[in-house]
Amino acid sequence: MADVTGDPSDRGQLFLVGGLSLAVILVVLAVTLNSAIYTENLATRGSGTADTDAVEQARSNAVHGVEGLMEHTIEANPSSYTDQQAAVDSGVSELHTLSRRYAAQNGRLVELTYGLGDDTRGVRVLQTTDATFEDDDGNDSWTVATDVPAVRQFRMDVERSSLNDGVLSDSFNITFTPTSGPVYEVVVGRTILTDETTVSVYRDGSLVGRCSDGTGSQTTIDVTGATVAGSYCPALTFFGDLPPTYNITYENADDVRGTYELTVEKAIILDAPYGGGGPTKQPALYSTTVGFYFESNRFVYETELRVAPGEPDV
Amino acid sequence: MCDRRGVSTALGYVLNLGIATLVVTGLLVAGGSYVEDEREQTIRTELSVIGQQLAGDVETVDRLGRTTNGSDNRTVLTREMPRAAVNVGYTVTVVDTGSDSALELSTTDPDVTVRIEMATETDVADATVQGGAVRVSYDSKGTDDPSDDEVVVQNE
C-alpha cells in the first residue's frame with residue numbers, strides 16, 4: 001500500500017497522473033480543431049474557376065479573331081483561294097503571337113495553329129451596286145445556287161419604297177428547296193398602312209413568323225444571322241430544320257432594290273446568271289479549322305475550332 | 001495508530017482514493033469521447049469540402065470536354081487534394097447512381113463516409129483514388145460519338 005503517512009510531497013500522485021492524461025487529451029483536441037480550421041480555409045480557396053473562365057475567354061477571342069481575319073481576307077483577295085489561304089495562314093500566325101503574349105501575362109499558354117488546307121471552299125455571290133435582284137439576263141425568277149450544303153453571311157439591304165405592297169405572292173421572296181424536306185420561303189414585302197418592311201417566313205406554305213421594321217427608308221435583313229434591322233427575328237432561325245442540300249432561288253426579284261451577299265459551301269456554281277450589271281460571284285473560303293491549345297498550371301485544353309463567319313446558329 | 005477519530009484511517013484513504021479515481025476516470029472518458037466526436041465531425045466536414053471541390057472539377061471537365069472536337073482534343077484538370085483528412089488517410093470512389101454519378105469519400109478509422117452528388121452529361125468512369133494529386137480528364141475514345149465519351153478520375 002502506498003506510503004500515505006510519509007513525506008507530504010509524495011501525495012496526490014493520482015491527480016498528477018489524471019492531470020497529465022487530461023492534458024494529453026486536450027492537446028489531441030487542439031490538433032483536431034486545427035484540422036477544422038484548415039478545412040475551413042480549404043473551403044474558401046478558389047475552386048479553379050479562374051482557369052475555366054480564362055479558357056472560355058481565350059477560345060472566344062480566338063474564334064472572333066479568326067472570323068474577322070476571314071472576312072477581311074476574302075474582301076482583300078477576291079480572286080483566288082490560294083491567296084486567301086496564304087493570308088489566313090499569316091494572319092493566324094499573327095493572332096497566335098498576340099494571344100500568346102497576352103496569355104503569358106497571366107501565366108498561361110495559348111497556341112493557335114493553322115495548316116494549309118484546313119478549310120472548306122465556297123463561293124460568295126454579291127451585288128454591291130444598288131439595283132434590283134434580277135440576274136444578269138434580267139430574269140426576275142432565277143436560281144442563285146443549287147445543291148448547297150450550307151450558306152453563311154446571307155445579308156441584304158433593301159429599299160422600302162421598292163418593295164411590293166400588294167398580294168404576298170407578288171412580293172420578292174427567297175426560296176430554300178431541299179432535295180427532301182420542308183421548303184422555306186422568306187418573303188420581303190411592305191405594309192403601306194404602317195410604312196414598314198415586313199419579312200415573313202413560310203414553311204411548306206404555312207406562316208411561321210413575321211418581323212417588321214419601320215425605321216428609316218432602308219432595311220437590313222440578315223437571313224443567316226436572324227436579324228431584321230438589328231433586332232432579333234425568331235422566324236428566321238429555320239436553318240436547323242433545313243436538311244442539306246438545298247437550292248436557293250429568287251422570285252419576283254424585280255420587286256426589290258438594294259444590295260445583298262451570301263456565301264455558299266460549294267466550290268463551283270454555274271456561270272450563266274452572274275457578271276456584268278447583275279450579281280457577281282467570287283471564290284471565298286467557307287470555313288477554316290484552327291487548332292487551339294490552352295495550358296495553365298493545372299489545366300490543359302486542346303481542341304479544333306471551326307470558324308465560319310455569319311453561319312446560322314443551329 | 002495514534003488516531004482519535006471513529007473511522008479507521010485506512011478506510012478514509014480508500015474512500016478518498018476511490019472517489020478521486022472515479023472523478024479523474026470520468027473526466028478522461030468524457031474528454032476522450034468528446035475529442036473523438038470532434039474528430040469525426042471535422043473529418044466529415046473536411047471530406048465534404050474536398051469532395052465538393054473534386055465534384056466541381058469533374059463537372060467542369062465534362063462541360064469543357066464536350067466543347068472539344070477533332071482528333072487531338074484534350075481536356076485535363078489536375079488538383080492537389082490533401083493527402084489526409086485530420087491525419088487520417090481517405091479514399092474517393094466514383095459510384096453510379098443510375099442517372100448520374102456521385103463521389104463517395106470514406107475513411108476507415110473512424111468509419112466516416114461522405115457522398116457528393118454530381119450532375120454531368122457524360123458518363124464518369126468508375127474509379128477509386130487516394131488523397132494526393134488527382135487528374136480529371138475527358139476521354140473521347142477516338143470516336144465522334146459523344147455518348148461513348150467518359151470523364152476519367154485517376155491519381156497522378
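# A walk through chains A and B

Start by selecting Pro283(A), which lies in strand S14 (residues 280-295) of chain A. Helices here are DSSP runs of H or I with at least four residues, strands are runs of E with at least two, and both are numbered from the N terminus. What you have open is a predicted model, in which local features need pLDDT of at least 70, side-chain atom pairs count only at pLDDT 80 or more, and totals for chains, interfaces and linings use all residues. Residues are numbered from 1 along each chain as its sequence is written, chains are lettered from A and ligands numbered from 1 in the order in which they are written, and side-chain values use heavy atoms, with hydrogens and water left out.

**Around Pro283(A).** Which residues does Pro283(A) touch, leaving aside those up to four places away in sequence? Show Pro78(A), Ser79(A), Ser80(A), Tyr81(A), Gln84(A) and Gly122(A); contact means heavy atoms within 4.5 Å.

**A salt bridge within chain A.** Next, select Glu111(A) and Arg100(A), whose side chains meet in a salt bridge at 3.3 Å, N to O. The term stands for a side-chain nitrogen of Lys or Arg within 4 Å of a carboxyl oxygen of Asp or Glu. Glu111(A) sits in strand S1 (residues 109-113) of chain A and Arg100(A) in helix H3 (residues 81-104) of chain A, eleven residues apart, so this pair links distant parts of the chain. Over all chains, the rule gives 18 salt bridges.

**Backbone stops.** Move to Pro244(A) and Thr245(A), joined by a cis peptide bond with omega of about -5°. Thr245(A) belongs to the loop between strand S11 (231-232) and strand S12 (246-251) of chain A. Pro110(B) is in the loop between strand S5 (101-107) and strand S6 (112-118) of chain B. Back in chain A, Gln153(A) has a phi near 50°, a positive value in a residue other than glycine; look for Gln153(A) in strand S4 (residues 151-159) of chain A.

**Where the chains meet.** Color the two chains separately. In contact are 39 residues of chain B and 35 residues of chain A. The area buried between them is about 3200 Å², with 64% from carbon and sulfur atoms; buried area is the accessible area (1.4 Å probe) that two parts lose on being put together, summed over both. Between chain B and chain A there are three salt bridges. To see a salt bridge between side chains, select Arg298(A) and Asp57(B), 3.2 Å apart, N to O. On the side of chain B that touches chain A, the elements giving two or more residues are H1 and strand S1 (74-80) of chain B. The largest share, 23 residues, comes from H1(B).

**Two helices side by side.** Finish with helix H2 (residues 49-76) of chain A and helix H1 (residues 9-65) of chain B, whose axes come within 11 Å and cross at roughly 10°. Axes are lines fitted to C-alpha atoms, for helices over the stretch in contact, and angles run from 0 to 180 degrees between N-to-C directions. H2(A) and H1(B) are therefore roughly parallel to each other, the word for angles under 35 degrees. Select Thr52(A), Val55(A) and Glu56(A) of H2(A) with Thr60(B), Arg63(B) and Leu64(B) of H1(B) to see the contact.

Definitions and conventions: Angles under 35 degrees count as roughly parallel, over 145 as roughly antiparallel, 65 to 115 as roughly perpendicular and the rest as oblique.
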